[in-house]
Amino acid sequence: MLKTDTPKTIHLSDYRPHAFEVETIHLTFHLHSSETKVINRLAIRRNPNGDSSEKNLMLDGEELIFNKVSIDGKELPADQYQVSDNGLLLKDVPDSFECVIENTINPEANKALDGLYKSGPIFCTQNEPEGFRRITYYLDRPDVMAKFTTKIIAPKADYPVLLSNGNPIGEGELEGGLHWMEWEDPFPKPAYLYALVAGDLGLVQDTYTTMSGRKIDLRIYCDKGNESRCDHAMESLKKSMKWDEETFGLEYDLDIYMIVAVDAFNMGAMENKGLNIFNSVYVLANQETATDDNFLGIESVVGHEYFHNWTGNRVTCRDWFQLTLKEGLTVFRDQEFSSDLNSRTVQRIQDVQRLRTFQFVEDAGPTSHPIKPTSYIEINNFYTATVYEKGAEVIRMVHTLLGKEGFRKGMDKYFELYDGQAVTTEDFLHAMSVANNNFDFTQFKNWYNQSGTPQVEVHWDYDESAQELKLKVEQSCPPTPGQSKKEPFHFPFAVALLDDEGKEMTLNLKQDGAVEQNQIDNGLLHITLPQETFTFTGVAKKPHVSLNRGFSAPIRVKAPYKLEDFFFMMAKDTDLFNRYEAVQRSSSELIYKLLREHNEGKELSVHSGFVESFGLLVSDKNLDPAVKAMLLGIPSLTLLAQEHNPVDYQAIHQVRTFVQKTLAKAFKTQLIEVYQENATPGEYQLDPLSVGKRALRSRVLSLLTYCEDDEVAKLADNHFRAATNMTEEISGLTCLSLIGGEIFEKASQAFYDKWKNDTLVIQKWIAVSAGSYRDETFDRLPLIEKDPVYNSSVPNLVRSLLGSFARNHVQFHHESGRGYRYLADKILEMDGINPQVASRLASAYKDYKRLKPAMKELMGKELKRIVEKEDLSKNVYEIVSKTLKDS
């Protein structure tokens, strides 16, 4: 792209059904590392719902070498077609015809990892959203659904395993050491769900018997030698299949289900029908190489991709603006799956942490967009926290509003109405509505169409004589790019009134005025108006008000809480999420207060009531260890910066460090006791209690490092060196990275020497090295780049180094501007290799408009350098140009 070019913007309002549709497609691949030949046989007919006046057919195609094309058995002369960089135009085609296209591609040169490429010695594909057009010419859009058949021909010695979607229907030997295998998928699908894999792979095999008695062949393919690390993924798959049957009545529909683990992959995993391709980090695990979080992440991602079989594959998106239709719904499903298998409270807290850390920032930044955007330049840029995490919260609100049974009825109706179709978010809400007495989602649709995080301000007045409490709720939503005015949202708002012992009072809602339009069921209010007042009667004593319990809506709540109110909720709120919330809110307010005093040059002191309340949590032996680990966490720099404008990461870090030092020194003895009491000796167990104990040990050890003394340094070093599992080994190394100095350098070298030949593990070492707040971190980056363990063409390694550094706010926002320059250099380098990875790195500059003037000037210089580069990808252009425009 030249500097004068402006990439084309795609608009939802321009959607039209295509004039043609594909009934069947038969693909033949003659695999070769640099010259793969593709024969593409298409049965095409006119779409009765498309434009009947359109006589030409444009097939999408990029980075292809065109060989020839024929229609109904006759090769077309050059004047009957036109080949361009964007595809193949067929002129004056009949209403129904067979088209055969031959083209050549170079998988080995495909470093963007879109379409067909090589991950080491393995051929594999990634076609979502628009990668199929890099394989062959086709109508590469999600509303064109066809039945796929694939024949793969390759040298048997190098590629004994040949895989594609569906069920195998034939195989055989050919001359010259070649062999072939043919696959047929009986279910129509869009091209983005197509997959092909070929290689010399190891195999782990099992079976699952469905609720109707069908036996499904389960297979996980990986690099040979890694078979023993696939057991957890296989068990996670079987748990997923069982959960979906029991929870939603959904049974798997093919005879075989395959997962392939590859190292070079842009995403976490891909739900291709019957042949999921996974980033190896979400498949391979054992206690020596994977942390508890890795194990739980594998369980979640395996579940997510399996659940897509129905919510994404059987019912798919009409267009890419509907991406949250499949992703928001499936994220909600995998969150519920993980909640049912593990701790629901911890899962909820972690889900909200991710939402606030990534999506709230996105909603307040230059790339803010609704969960169903109305335009895009590059659709890859919209695989975002908004579409996924906020989309899941919107589905969760539907679940809350309808109840568990109502939501299940809505899901049943969704599949009854739309199985085998490409549909919209409106279709999903329609199914939910008709299955639940025509529930009115009219106003609720604002969640799909409006960006930004709603702000909800709550006030209350207690009348002792009348024994009434009036709760006033006001909602608003700040302006976001392209949306200056917002309509009110409809959302569920869970509340409780607690007595002095923390016991929940009975809620009696006075029915008068506007309140008649609202409901309350187990403390759930329906908020629909800009301002509403709810009157609760029979409130004998002044209550403690608990709001947005369980995080019932993805909103920011402002209420007239005093610190003492938070201290009460930390100790006695019956909603464990709100106990966590009380810690977060009270520590945030304290840090903001200290930040003001820091800027005024005053001596700092942490509120004694907070210190005391925190100490009660430390000594509370009745708390579940996993929940306790969450409660003892202080808000991250990312979360604290959201309420600070202009943002000063260095100052926030200094004050946050002061608070942690105060707490660590005040409760050193008790924290060491908690650390020792939660040891998990003996054989490694992945049960919730053991996982919780290890999480709690890691939490208190991390806090203890702020004591900055030799006793804690020795404790952390012993934790690292005595570890019998990766959870404790990497947590020990991380704690030592906070301490720094020779003790960390020795541990870091020991870890490197032990694991340098294991790519998945060495990624953790890179992330710890790049994520340390200490000043020596920056000098370490170029050394890692030059190390043999690093490869800039492998996205996992790039994310471990550059992604970790970009999230390291202290070093990335260094006052010299060196962090901005370094990352800009790397983005420009990566843009020529993998634009998707480069554009995700570019989102690190999202705070541009909120920085102090001096820092903003330094960042702006790098942003302008990026956007002015010739041949910049549209991926990076869209992110950076929006960031500059937003300021």
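Author: A residue counts as buried under 20% relative accessible area, as exposed over 50%, and as partly exposed in between. The model is predicted.

Reader: Is K852 buried, exposed or partly exposed?
Author: The relative accessible area of K852 is 28%. Buried would need a value under 20% and exposed a value over 50%. K852 is therefore partly exposed.

Reader: Which residue forms a salt bridge with K852, and how far apart in sequence are the parts that the pair ties together?
Author: The partner is D648, with the closest N and O atoms 3.5 Å apart. K852 sits in the loop between α24 (835-842) and α25 (853-867), while D648 sits in the loop between α12 (637-641) and α13 (649-666), so the pair ties together parts separated in sequence by 204 residues.

Reader: Is D648 buried or exposed?
Author: The cut-off for buried is under 20% relative accessible area. D648 has 15%, so D648 is buried.

Reader: What separates E246 and K242 along helix α1?
Author: These two form a salt bridge, and their closest N and O atoms are 2.2 Å apart. E246 is exposed at 54% relative accessibility, and K242 is partly exposed at 44%. Both belong to helix α1 (residues 231-248), where a spacing of 4 residues puts them about one helical turn apart.

Reader: In the salt bridge of E597 with K593, is E597 buried or exposed?
Author: The closest N and O atoms of E597 and K593 are 2.7 Å apart. Both residues are in helix α9 (residues 576-599), 4 residues and about one turn from each other. K593 is partly exposed at 39% relative accessibility. E597 has a relative accessible area of 15%, so E597 is buried.

Reader: How many salt bridges are there, and which residues are linked with D60 in a network?
Author: The count for the model is 67 salt bridges. The network of salt bridges links D60 with E130, R133 and D140.

Note on methods: Residues numbered from 1 in each chain as written. Predicted model: local features only at pLDDT ≥ 70, side-chain atom pairs only at ≥ 80, totals over all residues. Heavy atoms only, no water. Salt bridge = Lys/Arg side-chain N within 4 Å of Asp/Glu carboxyl O. Helix = DSSP H or I, 4+ residues; strand = E, 2+ residues; numbered from the N terminus. Buried < 20%, exposed > 50% of the residue type's maximum accessible area, 1.4 Å probe, protein only.
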